[in-house]
Amino acid sequence: MNRSKLFARQSELGLAARLAFRNLGRNRRRSLITGAAISFALFFAIILRSLQLGVYGHMVSTVVGSMSGYVQVSDTAYWPSQNLDYSLYEDQQWLERLRQDPEVASAYPRIQGFGLLSVGDRSGVAQWIGLSPEEAQSSLWQTRLASGSWESGPGSVWLGKRLAEQLQVEPGDSLVAMGQGFQGSVAGASWVLAGTLHMGNPELEKRSAIIELKDAQDFSGAYGMWSYVQITPQRREINQDPSAELGARHPLDGAHFLSWQTRMPELIQTIQADTTGGRVILFILYVVIGFGLLGTMIMLANERRREFAMQLAMGMRRGLLAGTVFIEILLLSLAGAATGILAGRIAVLILERYPLRLWGDVAAAIEQQGWEAILPPSLDWSISFTHAGIIVLIALIASAWPLRTVFKTSPVHR
Amino acid sequence: MTNQALLSVQNVVKTYESTAGPVQAVCGVSLELQRGAFAALVGPSGCGKTTLLNAIGGLDSVTSGRIWIDGTEITGLSDRKVIEFRLHRIGFVFQAFNLVPVLNAWENVAFVMELQGLGIKARRDRAYELLSAVGLSGKEIQRPAQLSGGQQQRVAVARALASRPSLVLADEPTANLDSKSTDKLLDIMHELNQKEGTTFLFSTHDPRVINRAEVLFQLEDGRLQA
Ligand SMILES: Nc1ncnc2c1ncn2[C@@H]1O[C@H](COP(=O)(O)OP(=O)(O)OP(=O)(O)O)[C@@H](O)[C@H]1O
Ligand SMILES: [Mg+2]
């Protein structure tokens with residue numbers, strides 16, 4: 001290509017961009033409506049997906065993340081009976097190595113079992129969990145405190161808020177704990193209530209009794225033992241499972257690494273069923289928007305047919321004319337997508353600050369299943385960008401119509 | 001072909017395929033046009049004027065026959081080359097819908113020059129010069145929608161001449177104009193024909209326009225009359 005031709009190409013591109021830009025302002029109302037349709041669809045998709053994925057994340061993090069763990073290292077016989085007799089022997093060196101792994105955000109050993117708590121003539125079944133001091137100091141547990149404090153001496157217990165209400169105890173009150181200990185022994189102790197906890201899940205709030213790991217080992221007679229080590233990996237997305245990888249890097253005799261997905265297949269099934277429903281709704285939305293855009297594009301193509309013919313007759317190359325139309329539609333869909341992302345983001349941030357709370361029967365049913373009846377959104381940017389990509393792609397596919405018109409229009413004037 | 005002729009049409013036939021069978025729109029037309037001519041193609045509606053002009057301008061293919069413009073046989077060029085040839089060598093004025101609605105008057109005049117890759121200064125100077133020549137000084141930055149039909153046609157004439165083409169083809173350029181605007185447009189076309197030496201071939205069935213032509217080609221039922 002010689003210089004003057006190269007110069008012509010540059011000049012052509014400038015012309016195409018200018019025409020595209022001005023064409024956007026030509027039928028301002030149509031451009032606005034089209035852009036708004038794209039924005040709105042994207043806005044809706046972002047909110048829907050953010051809430052959906054947010055709820056799953058919330059479910060997983062409350063039920064799995066803080067409790068049994070995204071990944072759990074336990075004796076190969078521990079799961080699913082969760083019997084104290086299948087405990088692990090403490091191995092601090094191994095634990096240290098595990099904590100050094102870049103994929104591991106945190107790793108905490110625990111020992112836990114079931115027992116009966118009583119105060120006077122009131123009693124309740126509790127799942128007691130012995131937390132290591134490191135875990136108790138983690139921000140997650142610190143922020144859960146509803147009353148009392150984390151400052152404590154030996155024999156302190158923190159109860160789920162609802163359990164404390166049921167037993168009618170306040171910080172400072174004593175409780176008697178009984179239960180089955182290690183290898184058939186009987187466990188018994190007297191604990192002092194140090195505080196009450198929000199557990200993020202009503203079911204957990206009704207049954208959790210938190211004590212220090214050392215106290216738990218003394219109580220159960222499982223000296224120097226852990227029920228399991230609870231690992232929070234860096235990658236916590238629902239579709240991520242680093243357990244096999246971690247297990248291969250940090251083997252422990254007689255133990256295995258189980259992901260929450262393996263331990264709780266019903267949770268994954270619930271999520272998958274639900275996410276399919278969401279995808280169907282979005283698919284329908286996109287089909288509707290897609291046909292809407294196609295209609296607009298057909299209108300646009302028909303309106304410009306004569307103009308296309310004239311420009312071709314003048315000696316404008318078809319490719320350049322097509323480029324002009326493409327740039328116009330690209331600009332329009334990008335502007336719509338940008339607005340949609342912005343509006344969606346703002347809405348998601350507002351929903352994060354003031355999460356939707358379900359009410360009535362739905363809320364009751366959800367709480368009965370053990371979930372807190374709120375809809376916290378996911379803040380994952382990839383949701384916005386994925387759906388922006390989808391809708392821009394739909395717009396560009398719809399642009400195939402006017403592009404086809406450009407390539408089919410004859411320069412002959414009629 | 002004669003060497004001096006700018007345009008030479010030899011035995012051109014154009015047959016349209018329609019649902020009612022083939023239609024012979026142009027049946028073996030031959031003509032020659034000298035450089036600098038101011039010529040009209042006349043005849044009743046449906047006699048094949050548009051068809052012939054489209055063939056000469058390379059907008060439409062011919063069924064048979066050959067067309068030379070300035071020594072190039074355009075009936076033998078590839079699609080790409082025809083577009084390139086049109087861009088550099090032929091100016092068009094149509095009956096209507098001549099202008100790009102989103103470009104203002106001078107940008108419309110400069111449209112072809114811009115496709116050719118001319119710099120903005122050269123384009124603007126030439127466009128302003130031509131707009132002044134067609135009597136539209138002061139209207140340079142108006143959009144087509146803000147111009148009258150006659151003014152729009154004058155912009156189209158200015159554009160057709162912008163890149164100094166060998167030949168300007170105009171298919172019924174005055175069909176939508178009143179008699180005053182028609183006279184004005186023809187004055188301008190004739191003046192540019194004289195001043196720039198551009199060859200004009202326009203079609204019409206308006207007797208007033210026919211009178212202004214220096215060369216006449218009479219078409220009837222797709223055949224040239226002597
Ligand atoms: N695309 C086409 N398909 C079939 N027949 C056509 C087509 N275009 C033109 N014709 C026919 O060819 C003949 C010549 O048409 P053309 O448009 O060239 O006439 P014209 O002289 O320009 O008429 P007018 O003065 O009305 O513009 C007419 O009979 C017309 O019906
Ligand atoms: Mg005609």
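Start at ligand 1 and select B:Cys47: a polar backbone atom of this residue is 3.3 Å from an oxygen atom of the ligand. That is a polar contact, a pair of N or O atoms within 3.5 Å; within protein, one must be able to donate a hydrogen and the other to accept it, and residues adjacent in sequence count only if both atoms are side-chain atoms. The model is predicted: local features need pLDDT of at least 70, side-chain atom pairs count only at pLDDT 80 or more, and totals for chains, interfaces and linings use all residues. Residues are numbered from 1 along each chain as its sequence is written, chains are lettered from A and ligands numbered from 1 in the order in which they are written, and side-chain values use heavy atoms, with hydrogens and water left out.

Next, select B:Lys49. A polar side-chain atom there lies 2.8 Å from an oxygen atom of ligand 1. Move to B:Thr51, where a polar side-chain atom lies 2.5 Å from a ligand oxygen. Taken alone, ligand 1 exposes 630 Å², and the protein buries 66% of that (accessible areas by the Shrake-Rupley method, 1.4 Å probe; for residues, only the protein chains shown count as cover).

Now show the whole shell. It holds 12 residues, the closest being B:Ser45, B:Gly46, B:Lys49, B:Thr50 and B:Thr51 (a residue is near if one of its heavy atoms lies within 4 Å). Colour by chain: the site is shared, because residues from chains A and B surround ligand 1. Helix 1 of chain B gives the most, 3 residues (helices are DSSP runs of H or I, at least four residues, numbered from the N terminus). By class, the shell has 3 nonpolar, 6 polar and 3 charged residues.

Zoom out to the chain interface. Here 33 residues of chain B are in contact with 27 of chain A (heavy atoms within 4.5 Å). The two chains bury about 2500 Å² between them, 62% of it on carbon and sulfur atoms (accessible area, 1.4 Å probe, lost on being put together, summed over both). Select B:Val102, B:Glu114 and B:Leu115: in chain B they lose the most area to chain A, together 23% of what that side buries.

Stay on B:Glu114. What is its salt-bridge partner? Select A:Arg18; the closest N and O atoms are 2.9 Å apart. The interface has 3 salt bridges (a side-chain nitrogen of Lys or Arg within 4 Å of a carboxyl oxygen of Asp or Glu).

Finish on helices 1 (49–56), 2 (79–89) and 3 (105–116) of chain B, which each supply at least two residues of the side touching chain A. Helix 3 gives the largest share, 6 residues.

Notes: Ala, Val, Leu, Ile, Met, Phe, Trp, Tyr, Cys and Pro count as nonpolar, Asp, Glu, Lys and Arg as charged, and the others, Gly among them, as polar.
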